[in-house]
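Subject: Structure for you to look at

Hi,

Here is the structure we talked about. Please open it first, then read the notes below.

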Amino acid sequence: MEEINSINEIDWTDMLTVIVPMLVIQAILLIAAIIDLIRIERTNGPKWAWALVIVFINIIGPIIYFIFGRRND
Amino acid sequence: MQWWTLFQKELIENVRNIKWIWVPLVMILLAIVDPLTNYFLPQIIDAAGGMPDGTEIQLPEYQPSDVVMMSLGQFNSLGVLVIALMSMGTIAGERKSGVAELILVKPVSYTNYITAKWASLSLLTLTSITLGMIASWYYINLLFGDLSFGALLQVVFFYGLWILLVVSISIFYNTLFKIPGLVAFLTFATVILMGVITSIFAHVLEWSPNNISNYIQQMLVTGSVPSDLIGASLVTLIMIVLLVGGSVFIFKTKDMAE
């Protein structure tokens with residue numbers, strides 16, 4: 001019971017100011033990475049592996065893809 | 001005129017490889033993550049099950065200047081790493097793939113080529129850092145206390161110099177080596193090494209560029225620009241000029257085919 005109470009005490013409007021911007025940034029990174037992955041011709045390594053990395057690793061996944069996954073030549 | 005064309009080419013390329021989307025977002029994320037987790041630490045501990053009964057921990061009260069330092073601290077470690085990784089291929093990659101030769105067989109001056117690359121990379125990183133600090137500033141005013149916009153501009157100005165130095169170091173190694181991974185490693189290692197040297201010889205190297213963030217904190221606390229910050233900025237500026245000049249010189253003398 002005590003734990004449930006302590007969770008209810010969290011100020012949710014405060015929490016929203018934190019979580020929403022983080023989620024928005026995360027979503028833009030994810031969408032940008034996916035669109036880029038679809039449009040790009042070749043990646044370093046198989047495309048499906050990068051798709052998994054982008055979708056399943058939070059925040060870091062898309063960044064790793066942008067740095068190491070893209071091929072420019 | 002030629003410089004402007006090259007600069008535009010660089011900007012378009014950075015838009016195409018979506019650096020203009022992800023670098024600013026990453027910098028914003030880096031800038032706000034520490035202030036937010038520190039502010040919400042009590043709630044986070046509660047939500048994670050809370051402390052055992054009877055434990056008491058004193059959470060420090062953060063001043064706005066402390067929070068600015070949290071953001072700058074993230075920039076100093078992960079931010080520098082992101083810049084090093086993001087810029088590792090600008091010239092080295094083009095030389096490896098042969099694009100640089102394609103450009104430089106035309107009557108393109110080496111000076112223009114290097115400085116246009118440097119300028120476009122600087123514009124990207126400075127914009128990202130500025131956006132990050134604006135996000136941090138927003139949360140500081142919301143959660144911690146007042147920080148004037150003028151103070152924010154001062155922080156961005158002086159910290160921007162330090163970031164420009166990091167970009168210049170990266171460009172310098174880009175002209176020296178062809179392997180992007182090596183360029184990123186050396187850039188990051190150099191910044192770390194400079195930090196170590198600065199802290200070992202702290203009493204001699206008061207104007208070391210690595211001290212800029214410490215002096216920024218001093219500036220925020222006292223409200224006036226410390227003279228050491230001016231000195232450190234001058235040293236940083238000189239190093240930037242030397243590095244960019246050195247890059248052009250090396251690039252001219254170096255055999256492209258090598």
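This is a predicted model: local features need pLDDT of at least 70, side-chain atom pairs count only at pLDDT 80 or more; totals for chains, interfaces and linings use all residues.

What touches, then? On the side of chain B that faces this contact, α2 (19-39) and α3 (41-47) each supply at least two residues. α2(B) gives the largest share, 10 residues. By class, the side of chain B that touches chain A has 16 nonpolar residues, four polar and three charged.

Now the extent. In contact are 23 residues of chain B and 23 residues of chain A. The two chains bury about 2,100 Å² between them. Carbon and sulfur atoms carry 80% of that area. In chain B, the most area is lost to chain A by B:Trp22, B:Leu25 and B:Leu29. Together they make up 26% of what that side buries.

Next, the core. The largest nonpolar core has 93 residues. Helix α8 of chain B (residues 149-176) contributes its largest share, 15 residues. B:Trp22 turns up again here: B:Trp22 is among the residues with the most contacts inside this core, along with B:Leu72, B:Phe75, B:Tyr113, B:Trp162 and B:Ile216.

Take B:Ile216 as a way in. Leaving aside neighbours within four places in sequence, B:Ile216 is in contact with B:Leu72, B:Val155, B:Phe158 and B:Tyr159.

Best wishes

Definitions and conventions: Residues are numbered from 1 along each chain as its sequence is written. Chains are lettered from A and ligands numbered from 1 in the order in which they are written. Side-chain values use heavy atoms; hydrogens and water are left out. A nonpolar core is a set of buried Ala, Val, Leu, Ile, Met, Phe, Trp, Tyr and Cys residues joined through side-chain atoms within 4.5 Å. Buried means under 20% relative accessible area, exposed over 50%, partly exposed in between (1.4 Å probe, protein chains only). Helices (H or I, at least four residues) and strands (E, at least two) are DSSP runs, numbered from the N terminus. Contact means heavy atoms within 4.5 Å. Buried area is the accessible area (1.4 Å probe) that two parts lose on being put together, summed over both. Ala, Val, Leu, Ile, Met, Phe, Trp, Tyr, Cys and Pro count as nonpolar, Asp, Glu, Lys and Arg as charged, and the others, Gly among them, as polar.
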